[in-house]
Amino acid sequence: MNDKSKKPQKLKARLPRGFVDRSSADIHATNEMTAKIREVYERYGFDPVETPLFEYTDALGKFLPDSDRPNEGVFSLQDDDEQWMSLRYDLTAPLARHVAENFNEIQLPFRTYRAGYVFRNEKPGPGRFRQFMQFDADTVGAPGVQADAEMCMMMADTMEALGIRRGDYVIRVNNRKVLDGVMEAIGLGGDDKAGQRLNVLRAIDKLDKFGEDGVKLLLGEGRKDESGDFTKGAGLNSDQIDKVTGFVSSLAVDKILVDDKALDLVALAESACQHLDITSPMLTEGFTELKIIQSLATGAGYCADRIKIDPSVVRGLEYYTGPVFEAELLFDVTNEKGEKVVFGSVGGGGRYDGLVSRFMGQPVPATGFSIGVSRLMTALKNLGKLGQDEVVAPVLVTVMDGDVDSMGRYQRFTQALRAEGIRAEMYQGNWKKFGNQLKYADRRGCPIAIIQGGDERAEGVVQLKDLIEGKRLSGEIEDNASWREARVAQETVSEADLVAKVKDILAAQAEDRRRAKDV
C-alpha cells in the first residue's frame, strides 16, 4: 500500500500526569476565597508583588538540584546562554531574589503578599499534584519576634474571614531554636552535623505516623517498613535517642493544655529538658522567644483557642531559623476510604533569616506565611463555606432573524444589559433552529431568555422568558390549557423597559434563592 494513502493518525488528547484542568466552579470558588484572604492581608498593610514563574535554578536555595540532575525536584530547562532555569518550587525563594535584586529601592520592612502557582517535579499521587496554588505573605527586614506574632494573628484572622469558626482551627507555634537547641545539647551542633540534624528532624516529624518506637528506629540505624523497604536512620546512639524521644514524647498532643494558660506549654517543655538534662544557650533563646510571642498574642486578644504554643511542631526542615507556625483545621472530614479523619494543616510558615542573606553577604531577617490554596478550598467546601455567592449564568438574547439590521438590534440589547452590570450573551450558534437556543439556555442555566421576532420588532417590544420560573411551573402544569393560563413566566415589554424589567426578574430570582437557603 502506498504510504501517501494512509490516513494521518488522530492525536490523542491526554492530560499530563500530576496536573488537572480546573472547572468554572473551581475557578469561581478560588477567586471568592483569595479575595477574602487578600482583604485581610491588605488590612494588615501588606501590598502585592509578582515574580515570574521561572527563576535561575541556583536562586532556588535549598531546592537547588544536583549539578548533574537539573530536573531533580524541579522542572528545568537550559537557556540559550546555557544557564539553567527552573519553574518556581515555592513563592519564598523568588521573593528572596527579588528583595536582594531591588534592595536599594524597596522600603524596609518590606511587607508584601503574592498568590500564584508553584511546580514540583515529584511523583504524583492522590491529592498530590505537580502544579498547585499558594498564597503567601512576608515581612522582610523585621528582626523582632513581634513580626512572627503578627503573622500568626493575621493567619487566625484569615481563617475566620473565610468562615472557619473559632474552635475549628488553631495556629500552632514553635521555634526551630528549641529543637536545634536539643540537638546542640546532645552533640549535634555545628555545620558539619547539618545533614545529621536534618535526618533527626525528619524522624521527629514521623511521630504521628510511626509512633515513638518507629521514631527511635529512624533516629538510630534505620527502619524497615511492611514492604521490606529500608530507610537509613540518623545514626544516634542510645543516650541521644532517649533524650530526643523523651523530649518529643513529653509534648504529645494529648498532654498539652487546652485552656488559656498557654505559657504552661513552654513550662512543660522546659521541665522536660531539665528532667532529661538537656541544656544549651540556643534552647533557652528559643523558649524566651516563644514566651514573647505568646505574651504578644494574648495581649492582643488571641488566646490559646486561636494561637497556641506547641513545641512539638516541626516544619521547614531546611531553611527556617526561628519561630515556625502552622494553621491546622480541627474538624473531621470523610476520606476516600469512608473514614473520619482530622483535616489537618492548610498552611504554615516561619522565620527564614538566611534566605535573602545568601544573595547579600549581610544579615537580612525575614518571616512569612504560606497558604495552600487548593487544600484550603477543599476544607471550605467540606464546611459549605464556598459557593455561597453563586455566579448567575448570563441572560441569553436569542436570535430569530439573521439579517444585519436584526443582528445589530440583538447586539444592542446585549450591550445595554452589559452596560448595567448584567451578565449577558447573544446566541452565537446556528440561529435557524430556535429550539436549540432554548436547550442551550437550559444547559447553561440562563435565568432569562430575550426573544424578538419580526412581529415584536415592528411593535418595538421584546418577550422576556423567565427560565427559572418556567422550569418550576413545568413541574406543576399538566396540560396545555393550564400552561396558557400560567403566563407569568413570559411577558412582553417595550424595548425601552427591557433593562429595568430584566433587573426586576433577576432580583426576584435572587430573593427566591435566599428564601430557599433560609428554609
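Axes are lines fitted to C-alpha atoms, for helices over the stretch in contact, and angles between N-to-C directions run from 0 to 180 degrees. Helices (H or I, at least four residues) and strands (E, at least two) are DSSP runs, numbered from the N terminus. The model is predicted, and local features need pLDDT of at least 70, side-chain atom pairs count only at pLDDT 80 or more, and totals for chains, interfaces and linings use all residues. Residues are numbered from 1 along each chain as its sequence is written, and side-chain values use heavy atoms, with hydrogens and water left out.

The axes of helix H4 (residues 176–185) and helix H5 (residues 194–204) come within 11 Å and cross at roughly 115°. Arg 176, Leu 179 and Met 183 of H4 meet Arg 197, Val 200, Leu 201 and Ile 204 of H5, contact meaning heavy atoms within 4.5 Å. By class, five nonpolar, no polar and two charged residues make up this contact of H4 with H5; Ala, Val, Leu, Ile, Met, Phe, Trp, Tyr, Cys and Pro count as nonpolar, Asp, Glu, Lys and Arg as charged, and the others, Gly among them, as polar.

Helix H9 (residues 281–299) has 19 residues, which at 1.5 Å a residue should span 27 Å, and the 27 Å between its end C-alpha atoms agrees; the expected span is 1.5 Å times one less than the number of residues. Leu 283, Gly 286, Phe 287, Glu 289, Leu 290, Ile 293, Gln 294 and Ala 297 of H9 are buried. Seen down the axis of H9, these buried residues fall within an arc of 160°, so they line one face of the helix; the arc is that of the directions from the helix axis to the C-beta atoms. Buried means under 20% relative accessible area, exposed over 50%, and partly exposed in between (1.4 Å probe, protein chains only). On the other side of H9, Pro 281 and Gly 299 are exposed. Just after H9, Gly 301 takes a positive phi of about 95°.

Positive phi values also occur at residues other than glycine. Asp 277, with a phi of about 60°, is placed in the loop between helix H8 (263–275) and H9 and is exposed at 57% relative accessibility. Glu 82, whose phi is near 70°, is placed in the loop between strand S3 (76–78) and strand S4 (84–87).

A cis peptide bond, with omega about -5°, joins Leu 108 and Pro 109. Pro 109 lies in the loop between helix H2 (92–101) and strand S5 (110–119).
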